[in-house]
Amino acid sequence: MRFTSEQRLDDGILEREFTLGEIPGTLWTPGSTAPAPLILMAHNNGLPKREPRLVARARQSAAYGYAVATIDASGCGDRPRSAADEQARADLRRAMQAGEPVDEIFESFIGPLVEKAVPEWRTTLDALLSLPEIGGPVGYSGWTAVGIRLAVVEPRVAAAGFFAGGYVPRAQREEARQVTIPLLFLLQWDDEGNPRQRALDLFDAFGTKEKTLHANLGGHTGTPWFEVEDGDRFFGRHLK
């Protein structure tokens with residue numbers, strides 16, 4: 001892991017950009033000197049690690065006492081996409097404009113994105129946990145499809161917060177039954193692009209005995225800010 005820039009923010013948080021091979025990322029650490037528990041924060045497919053909503057969430061969680069890291073996984077942010085990914089995205093836009101079914105198109109590129117992203121997150125986790133300022137345990141917050149796979153294959157992840165918005169491939173819907181860690185699931189009740197019943201069915205499928213559903217009125221990007229604060233308290237119960 002190579003740090004390429006750093007700045008001390010007004011609230012004492014240290015923000016550092018890093019690269020790990022081809023993986024670009026950002027790490028926020030609180031002002032205290034004690035090793036901090038870690039939250040891996042992933043945005044939904046295709047969006048960059050510098051997306052303002054993600055950065056705001058990360059800074060809030062760092063102020064709460066966590067180390068927070070995010071990366072641009074393969075095909076996300078500024079990282080190049082394959083010709084197949086670009087074609088699938090073009091097909092998706094065309095189908096949505098025409099009012100046609102889109103599940104199979106989503107499946108064709110979200111599934112491979114998950115397969116590529118999870119190994120990169122695990123590689124990043126290895127590097128982060130070697131830093132003296134990070135002591136674990138580890139939480140995950142964000143993109144549900146990646147989070148399900150990571151929760152199943154990565155024993156170091158102790159708790160997770162998932163956002164119900166976004167397509168979850170069939171493979172991850174099946175894997176949800178294997179998720180046994182404490183879980184907080186956020187649902188926007190009026191999410192225009194994500195069927196509510198599918199999200200409720202996914203929540204029901206999670207195998208954990210400790211799962212909480214928070215549902216709020218509003219569209220895809222309307223998650224209330226207090227849910228970020230509630231999320232930090234949720235992680236406080238399981239990571240501190």
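This is a predicted model: local features need pLDDT of at least 70, side-chain atom pairs count only at pLDDT 80 or more; totals for chains, interfaces and linings use all residues.
## Rings, a pocket and a cavity

The residues that line the largest cavity comprise 8 nonpolar, 5 polar and 3 charged ones.

**The largest cavity**

- Its lining consists of 16 residues, and those closest to the cavity centre are Ser-141, Phe-163, Glu-227, Val-228 and Gly-231.
- Helix or strand, several elements take part: β4 (36-42), α1, β7, β8 and α7 (226-239) each bring at least two residues to the lining of the largest cavity.
- The biggest share comes from α7, which gives 5 residues to this lining.

**The second largest pocket**

- Turning to open space, the second largest pocket has a volume of about 390 Å³.
- There are 22 residues around this pocket, and Arg-53, Arg-57, Phe-163, His-220 and Thr-223 are the closest to its centre.
- At least two lining residues come from each of α1 (52-63), β6 and β8 (183-188).
- Sorted by class, the lining of the second largest pocket holds 10 nonpolar, 9 polar and 3 charged residues.
- Phe-163 is worth a look in your viewer: it is listed among the residues closest to the centre of this pocket and also among those closest to the centre of the largest cavity.

**Aromatic pairs**

- In total, the structure contains 10 aromatic pairs.
- One of them joins Tyr-140 and Phe-162, whose ring centres are 6.0 Å apart; the pair is edge-to-face because the ring planes meet at 70°, and the cut-off for that class is over 60 degrees.
- This pair connects distant parts of the chain, with Tyr-140 in strand β6 (residues 134-143) and Phe-162 in strand β7 (residues 157-163), 22 residues apart.
- Tyr-140 has a relative accessible area of 1%, so this residue is buried.
- Phe-162 is buried too, as its relative accessibility is 0%.
- Both residues belong to a cluster linked by ring pairs, together with Phe-185, Phe-203 and Phe-206.

**Charges over rings**

- Arg-16 is placed over the face of Phe-3, with 4.4 Å to the ring centre.
- For Lys-240, the charged end sits over the ring of Tyr-66, at 4.7 Å from the centre of that ring.

Definitions and conventions: Residues are numbered from 1 along each chain as its sequence is written. Side-chain values use heavy atoms; hydrogens and water are left out. Rings of Phe, Tyr and Trp (its six-membered ring) pair if their centres lie within 6.5 Å; planes under 30 degrees apart count as stacked, over 60 as edge-to-face and the rest as tilted. Helices (H or I, at least four residues) and strands (E, at least two) are DSSP runs, numbered from the N terminus. Buried means under 20% relative accessible area, exposed over 50%, partly exposed in between (1.4 Å probe, protein chains only). A charge sits over a ring if NZ of Lys or CZ of Arg is within 6 Å of the ring centre and within 35 degrees of the ring normal. On a 1 Å grid over the protein atoms alone, a cavity is a set of points where a 1.4 Å probe fits but cannot get out, and a pocket is an open set with protein on both sides within 12 Å along at least five of seven lines; lining residues have an atom within 4 Å of a point. Grid points are joined across faces, edges and corners, and a volume is the space filled by probe spheres set on the points. Ala, Val, Leu, Ile, Met, Phe, Trp, Tyr, Cys and Pro count as nonpolar, Asp, Glu, Lys and Arg as charged, and the others, Gly among them, as polar.
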